[in-house]
Amino acid sequence: MNVLMLTLIVYLGLLTNVFASEKQGAYLGAITAETPHWFKESFLEFEEDVDEAAQQNRRVMIYFSQNGCPYCARLVEENFADPDIEAYVRQHFDGIKVNMWGDKEIISVGGNNFTEKSFAEALKVQYTPTLLFLNEQGKTILRLNGYYPPEKFRKALKYAAMKKEKELTFNEFMLADSPSIYGKLMTESFYLQDTNLKSLIGQKGKPLAIYFEAGDCSECKTLHEQILTDPPTRELIKSVNSVQLNVHADTIIVTPDGRKMSQRDFANELNVAYTPSVIFMDGKGKIVHRIDGFLKTFHFQSSLAYVIERAYLAQPSFQRYLSARGEQLREKGFDTDIWGYKSAYPSKIPE
């Protein structure tokens, strides 16, 4: 092979790499579903909505959504499309949709004016769907941050419809009589075997992730078998101190602020009602982010990155951070799949 041919091959190889690096990654997994036709056509004057619902012995359910949200689509197409769930919701609630990026005017309970997006911002809506259930005085008695699969969603609806907030907390209601009480937790090599959470705060300069789980929990199984097996997710986890707690256990722990209590009581104190949930704390033991519902890989690992990068200090909106992170990955030529379980990029992203 002569020198000219060798030079040409090298040049073409370099050119290929340049073009490859300029290729825009694809945005995958976005799904938009139409809001159920039986939702209320509201003028978004919530005091009136609450009064009208109360007159019919119903309560108001506010549903925050956004276009392209696959979790919202799952709520509509699996939960609300279930005949039993639909009938129960229509009997007990007036459903009202709010677009978290929308510009429609809202008059809140109390008479304050917002747009849809400023209302979502004021309420610190970090996930879609987010559902607020209001009582007859317009007070939020239940908030679901993220998607709940049908079985857990049915139980949440019952809590709000039957006015169980007058008897017990949502955490106590959701975990009572659970078949997962006696099940064994799935484990991971990165879970620290330390029940003194105070000693883990700021250890090695890392944030703390507390995984609240239960035995015989199908969503916990999905977390371990589908999400935590993803190499980029595992790479991010190295930058976090992680510990696992059982929401049903009487085992005593030392809380991040130095108190002794059972794992179950600690979960109740933090209003953990969904398993698995993850609470993230900074180096001072302050909660800076949490996962309270069903997430797939991109959103789960983005939660990790949000905390590791301390992005919450500059960007309090997790949804805006998600958008920016996805765009950055696609600019580097990697696909982002917001509804898949496998990352389309390597463990370590090139700078």
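Modeller: A cavity is a set of grid points where a 1.4 Å probe fits but cannot get out. By this rule, three cavities of 30 Å³ or more are counted in this predicted model.

Biologist: How much space lies in the largest cavity, and what lines it?

Modeller: The largest cavity holds about 90 Å³. Its lining consists of Glu 219, Leu 223, Ile 227, Tyr 274, Pro 276, Ile 291, Gly 293, Phe 294, Leu 295 and Phe 300. With three residues, helix H9 (residues 218–227) gives the most to this lining.

Biologist: What is the make-up of that lining by class?

Modeller: Eight of its residues are nonpolar, one is polar and one is charged. Gly 293 belongs to this lining, and it is the polar residue because Gly is classed as polar.

Biologist: What lines the second largest cavity?

Modeller: That cavity has a volume of about 50 Å³. Thr 297, Phe 298, Gln 301, Asp 335, Thr 336, Asp 337, Gly 340, Tyr 341, Lys 342, Ser 343, Ala 344 and Tyr 345 line it. Two or more residues of the lining come from each of H12 and strand S14 (336–337). H12 gives the most, with three residues. By class, the lining has four nonpolar, five polar and three charged residues.

Biologist: What makes a space a pocket and not a cavity?

Modeller: A pocket is an open set of points, whereas the probe cannot get out of a cavity. The largest pocket contains about 680 Å³ of space. It is lined by 25 residues, and the closest to its centre are Lys 124, Gln 126, Tyr 306, Pro 316 and Ser 317. Helix H5 (116–122), strand S7 (140–145) and strand S13 (287–291) each give two or more residues to the lining.

Biologist: Which element gives the most to the lining of the largest pocket, and what are its classes?

Modeller: S13 gives the most, with four residues. The lining as a whole has 11 nonpolar, five polar and nine charged residues.

Biologist: How large is the second largest pocket, and which residues are closest to its centre?

Modeller: The second largest pocket has a volume of about 480 Å³. Among the 20 residues of its lining, Leu 236, Ala 305, Glu 309, Arg 325 and Ile 349 are the closest to its centre. At least two lining residues are supplied by each of helix H10 (231–237), helix H12 (297–308) and helix H13 (318–331). H13 gives the most, with five residues. The classes are 11 nonpolar, three polar and six charged residues.

Biologist: Thr 128 is found in the loop between H5 and strand S6 (130–134). Why is Thr 128 called buried?

Modeller: Its relative accessible area is 6%. Buried means under 20%, so Thr 128 is buried.

Biologist: What makes the pairing of Thr 128 with Gln 66 a polar contact?

Modeller: The side chains of Thr 128 and Gln 66 are joined at 2.9 Å. The limit is 3.5 Å, so this distance qualifies. Beyond four places in sequence, Thr 128 is in contact with residues including Phe 64, Cys 69, Tyr 71, Met 100 and Gln 319.

Biologist: What is the confidence for the protein, and where does pLDDT stay under 50?

Modeller: The mean pLDDT is 92, and 92% of the residues reach 70 or more. Over residues 1–20, pLDDT stays under 50, and the model has two contacts beyond four places in sequence for this stretch. Where pLDDT is low, the predicted coordinates should not be read in detail.

Technical notes. Residues numbered from 1 in each chain as written. Predicted model: local features only at pLDDT ≥ 70, side-chain atom pairs only at ≥ 80, totals over all residues. Heavy atoms only, no water. 1 Å grid on protein atoms, 1.4 Å probe; cavity = no way out; pocket = protein on both sides within 12 Å on 5 of 7 lines; lining within 4 Å. Points joined across faces, edges and corners; volume = space filled by probe spheres on them. Buried < 20%, exposed > 50% of the residue type's maximum accessible area, 1.4 Å probe, protein only. Polar contact = N/O pair within 3.5 Å; in protein donor to acceptor, adjacent residues only side chain to side chain. Contact = heavy atoms within 4.5 Å. pLDDT = per-residue confidence, 0-100.
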